[in-house]
Amino acid sequence: MNKLLYRLLSRHINAGQLAGFVLANLCGMTIVLAAIQFATDIIPMFTGSDSFMKPGQMVMAKHVSTVRTLTGKAPTFTTEEIDNVRQQSFVSDVGTFTPSLFSVVATLGSQRLGVQFSTDMFFEAVPDAFIDVDLSHWKWEEGDEEVPIILPRNYLNLYNFGFASSQGLPALSEGLVSMVKIHFILRGTAERRELSGRVVAFSKKLNTILVPQHFMDVMNATLSPDRQPEPSRLIVTVSNPADEQLSDYLEKNGYETEADDAEAAKTAHFLRIIISIVLVIGLIISVLAFYVLLLSIFLLLQKNTQKIDNLLLIGYSPTAVARPYHLLTISLNTLVLVFSIILVLILRNYYLPLFGQLYPSFSADSMTPTLLTGLALYALISLLNFLAIRQKVTQVWHIHEH
């Protein structure tokens, strides 16, 4: 009985229409998946996936002029100025850099090993909500003898390619630095404290040394209780880094952002716009292809209305009559999904080496978001096809009953 149904389907199917559906849906699905995978791979190059800063964030500071230097006026932000920044329509959130009110001496290495470095340095902190690293390693509680640290990557580069090469010292990798404990001596106006630290991440965005906010608050209050920290920089989350209102506001108030942050944020924003446009085009093509398939199936059903009536009369149920059409659509959708993923893999193998040449530390992300999107589209289109075919066959069945 089933052979009769499949024979009926194969005789009257329009191969040209189905081929058009396959090509159109393959094109649309490939564009959607390729755009998602491209975004997954390329956005970290501009937003700094190895940095603690999240996309859309930038650092804001006051311009240091000659007049400000001569008058001795510190380029810090008042509470009113911070509130004013927070109230701007293009600003989503504002955090402050809390400076250390104590001196810091860091020692790396050991005299027993014959290699020891000591230097004066400083600490800063930002709220944990602005930290984009694994927070399980970014914790400090009172009584802990080790504090986690985020170092600027260019500090390590200066040592490896400047100091170390000129002094005949070995270069240090990020992994090695992360394994080494650093001894700190903290001196404030009231106390002196010694503890160790460990680097948990590297940032290429900021020339600062970050410690947890809770650690900074406790140390400032303990070591220099007679002083209050005044933030000289703000970390600002903006909805659109390319907004003209943002540029006008910065110029009007004499504020500036770090150039790399602003340009990277703008580039990432424009990339998201372009990728969104490509995604919309791909989805439109997929929707049109879906209608092409439905049109083909409906025309096939309409052409075979009389034969479907006969099948229903001899005892076939609407579900049995619709089954070959369901299998056809599922087979075509599966074919489209498989070939779309293959095309995305081919395209990805082409552009990944180019990314590696432009960005030496680039590491490819997984294809999980792309695969999940492909499966979601596959399930959605298959479900819609199933419901449409079932409704059409049921409609014929109701006409037959009346």
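Student: Hi! Which residue in β9 is the bridge partner of I185?
Tutor: I185 is partnered by E194 in β9. Strands here are DSSP runs of E with at least two residues, helices are runs of H or I with at least four, and both are numbered from the N terminus. This is a predicted model, where local features need pLDDT of at least 70, side-chain atom pairs count only at pLDDT 80 or more, and totals for chains, interfaces and linings use all residues. Residues are numbered from 1 along each chain as its sequence is written, and side-chain values use heavy atoms, leaving out hydrogens and water.

Student: How do β8 and β9 run, parallel or antiparallel?
Tutor: Antiparallel, with 7 bridges joining them; strands count as paired if DSSP finds at least two bridges between them. β8 and β9 make a hairpin with 4 residues between them.

Student: And which way do β7 and β9 pair?
Tutor: In the parallel sense, over 7 bridges. There, I149 sits opposite V199 of β9.

Student: New topic: how many salt bridges are there in the whole structure?
Tutor: The search finds 6, where a salt bridge is a side-chain nitrogen of Lys or Arg within 4 Å of a carboxyl oxygen of Asp or Glu. One of them joins E124 and R233, at 2.4 Å from N to O. That pair links distant parts of the chain, 109 residues apart, with E124 in β6 and R233 in β10.

Student: Is E124 buried or exposed?
Tutor: Buried, because its relative accessibility is 7%; the cut-offs are under 20% for buried, over 50% for exposed and partly exposed in between, using a 1.4 Å probe and protein chains only. R233 is buried too, at 14%.
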